[in-house]
Amino acid sequence: MRMTYSDYLSLDRLLNAQQPLSEQHDELLFIIIHQASELWMKLCLHELVGAKARVAADDLGPALKMLARVGRIQTQMTQAWEILATMTPADYHQFRAALGRSSGFQSVQYRQIEFLLGAKSAAAVGIHREDEAAQAVLHAALAEPSLYDETLRLMARRGLPLPENRLTRDWREPYVASPEVEQAWLIVYRDNETWWDLYDLGEKLVDVEYRLQQWRFAHLKTVERVIGFKTGTGGSSGAPYLARVLQSGFFPELLSLRTSL
């Protein structure tokens with residue numbers, strides 16, 4: 001039997017994965033937006049893991065392509081909030097109770113992306129204390145070097161002066177900015193013709209952070225628009241929590257160096 005389009009994409013399973021728990025019209029929109037976001041995050045993780053492996057192997061061509069693709073995926077994810085924002089507060093409150101304690105705050109893939117980019121948090125793993133599989137995935141991600149860690153190790157292998165305490169450390173701890181790391185990046189940025197591939201890598205990382213912050217901001221504004229300042233269904237403070245998250249970045253020296261240039 002010849003494979004069909006539906007067979008290849010497993011459309012029977014995919015299109016039957018939306019199971020609204022109420023009779024309200026807008027619940028299907030809510031489910032599809034979040035399921036689609038999880039699929040895009042799956043692809044982001046695929047590309048970021050691949051990019052990290054290529055950086056570790058000093059093979060920056062494919063890594064740069066993968067990071068450029070992540071930027072396009074992030075743009076797609078940010079645009080999705082525009083669709084969800086067509087749902088009014090009255091629409092949402094017709095089915096909000098059906099969500100129980102479920103919340104995007106509990107997205108394992110989103111947390112993996114944060115860990116992979118260097119925003120490590122052992123406390124965040126505790127959110128999944130009732131899900132052993134999720135905890136195992138996040139503990140593994142917590143213990144591995146981030147994409148930024150691998151970038152700094154590559155810079156050191158290329159002969160740039162990186163402090164040892166940023167090259168060998170407890171990867172489970174969040175990354176802390178270093179003046180010495182900023183100075184190493186300044187060497188790259190001030191002579192970008194000599195260090196062109198590292199310069200390009202730095203800018204690709206800045207782009208990933210920039211677009212992730214755009215996604216976070218759009219998320220915050222959509223939440224404010226739909227539920228105001230109510231507590232989130234998963235127990236977070238809702239909009240205030242999202243506003244705090246906007247203050248946290250990933251590659252601090254790549255931003256601070258711009259003041260020194």
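This is a predicted model: local features need pLDDT of at least 70, side-chain atom pairs count only at pLDDT 80 or more; totals for chains, interfaces and linings use all residues.
The residues lining the largest pocket split into 20 nonpolar, 15 polar and six charged.

**The largest pocket**

- In volume, the largest pocket comes to about 1100 Å³.
- Its lining takes in 41 residues, and the ones nearest the centre are Phe30, His34, Ser103, Gly104 and Phe105.
- Five helices put at least two residues each into this lining: H3, H4, H6, H11 and helix H12 (239-245).
- Which helix gives the most to the lining of the largest pocket? That's H3, with eight residues.

**The second largest pocket**

- The second largest pocket holds about 280 Å³ of space.
- Fifteen residues line the second largest pocket, with Arg111, Glu114, Ala119, Ser121 and Tyr241 closest to its centre.
- Sorted by class, the lining of the second largest pocket has eight nonpolar, three polar and four charged residues.

**The cavity**

- How many cavities of 30 Å³ or more does the structure hold? There's one.
- The largest cavity contains about 100 Å³ of space.
- Four helices each bring at least two residues to the lining of the largest cavity: helix H3 (27-56), helix H4 (60-84), helix H6 (108-117) and helix H11 (196-227).
- If you'd like to find the largest cavity in the model, look for its lining residues: Met41, Cys44, Leu48, Val70, Gln74, Met77, Tyr110, Ile113, Leu117, Val208, Leu212 and Trp215.
- You won't find a charged residue in the lining of the largest cavity, as it's made up of 11 nonpolar residues and one polar one.

- Is methionine 3 buried or exposed? Methionine 3 counts as exposed because its relative accessible area is 63%, and the cut-off for exposed is over 50%.

Conventions
Residues are numbered from 1 along each chain as its sequence is written. Side-chain values use heavy atoms; hydrogens and water are left out. On a 1 Å grid over the protein atoms alone, a cavity is a set of points where a 1.4 Å probe fits but cannot get out, and a pocket is an open set with protein on both sides within 12 Å along at least five of seven lines; lining residues have an atom within 4 Å of a point. Grid points are joined across faces, edges and corners, and a volume is the space filled by probe spheres set on the points. Ala, Val, Leu, Ile, Met, Phe, Trp, Tyr, Cys and Pro count as nonpolar, Asp, Glu, Lys and Arg as charged, and the others, Gly among them, as polar. Buried means under 20% relative accessible area, exposed over 50%, partly exposed in between (1.4 Å probe, protein chains only).
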